[in-house]
Amino acid sequence: MNTSLTSPRAARWLLLAGVLAFAVRLPADTVDTRAGAHLVGKIVKIDAGVLTLETDYAGVITVKQSEVTALSTDHPVAVRLASGTRFDGPITSGPNGALQITGADGTITTTVSKVAASWAAGKVDPAVDRHWTYEASVDIAGKSGNSNQLGTAGEVRAELKTQQDTLQFYSAYNRQVTDHVKGADQLRIGMDYQDNFAGRGSWYARDEGGYDRVKDIDLYNIAAAGFGRDFVKNAMQTLTGRLGLAFRYENYQNPVTPDVKDLGLDFEVNNEVLFSTSKLVDRVTYDPSFNDFSNFRIIHESYYEIPLANPAWKLRLGLSNDYNSKPGPGIKRLDTSYFTRLVLDWE
């Protein structure tokens, strides 16, 4: 019988090999906090005073930068200091909370508090990176037999986003027909610009137009501008409120229904929560008229988005509500739509 594999000497070699294999996997980014926590994972980025760490044991963790006392990486990262200086290289912790970044031109010593941002090495600084991203979504539902139904909805969106501002253009169409009767026939085309001029403060301008033939609206347009504030802004959630002035125009096909041509207020709330692989989005706008505050319109949309096997493709499950407080004769105030959409993102 061969006992070489079970001899003490062989056991020692196996143990040493296991230790070495484990050691090979040991290097990782580390983060130490004022509370005494020692976190191990991969530092994804530092942005807006928040450090994002990806871990195997707890998913994505966010830590306030002000609570970080030391950090290190086992791979090069890009770092922009408060002075504007950029260095690409691995970070090591030094004595008394010092950080050392070793780049191609040497080593620089700094502190956690002086790090303005961090991202993947070799990539463009997110603060100055300007490039378009695009999104297209579609959902089609049909039914035949005792009743015939065909529903088609689609949306395209283009976004140019930096840390300073965001510009969006979008267009959406929704058509629903049941037994040759239209349940929806709506077109929306719009733009939205937001400038983050002061920390969490911003100003915005938006314009949207189109028609809604089921609601007897031959043409509508709403233009608004005002100021916004990010009540929550971190790597996992953004909650933004807006308040401004709006001009609302609605032209009705039925001559009995008075057209709307009023100046009013514009209230908006946008909330986006990111999970490890999915996100939840809620948007609400409320536009009352100065001439008659009981004449208002509320638009609401909520959806949950999950990635498919290819991360560029996503599945979006949600609902939308369109409430008009003073619709035309025979038109209901509230329209609610439920949707399951296939979404494609690209750059």
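This report describes the overall form of a predicted protein model and the setting of Ser 118.

## Basis of the model

The model is predicted: local features need pLDDT of at least 70 and side-chain atom pairs count only at pLDDT 80 or more, while totals for chains, interfaces and linings use all residues. Residues are numbered from 1 along each chain as its sequence is written, and side-chain values use heavy atoms, with hydrogens and water left out.

## Overall form

Along the principal axes, the C-alpha atoms fill a box of roughly 95 × 60 × 35 Å.

Of the 347 residues, 38% count as buried, meaning under 20% relative accessible area with a 1.4 Å probe, protein chains only. Among contacts (heavy atoms within 4.5 Å) between residues at least 6 apart in sequence, 46% join residues at least 24 apart.

## The setting of Ser 118

Ser 118 lies in strand 11, which spans residues 115-120, and is buried with a relative accessible area of 6%. Leaving aside neighbours within four places in sequence, Ser 118 is in contact with Lys 45, Ile 46, Val 77, Ala 78 and Val 79. A polar atom of the Ser 118 side chain lies 3.1 Å from the backbone oxygen of Ala 78.

Technical notes. Buried means under 20% relative accessible area, exposed over 50%, partly exposed in between (1.4 Å probe, protein chains only). Helices (H or I, at least four residues) and strands (E, at least two) are DSSP runs, numbered from the N terminus. A polar contact is a pair of N or O atoms within 3.5 Å; within protein, one must be able to donate a hydrogen and the other to accept it, and residues adjacent in sequence count only if both atoms are side-chain atoms.
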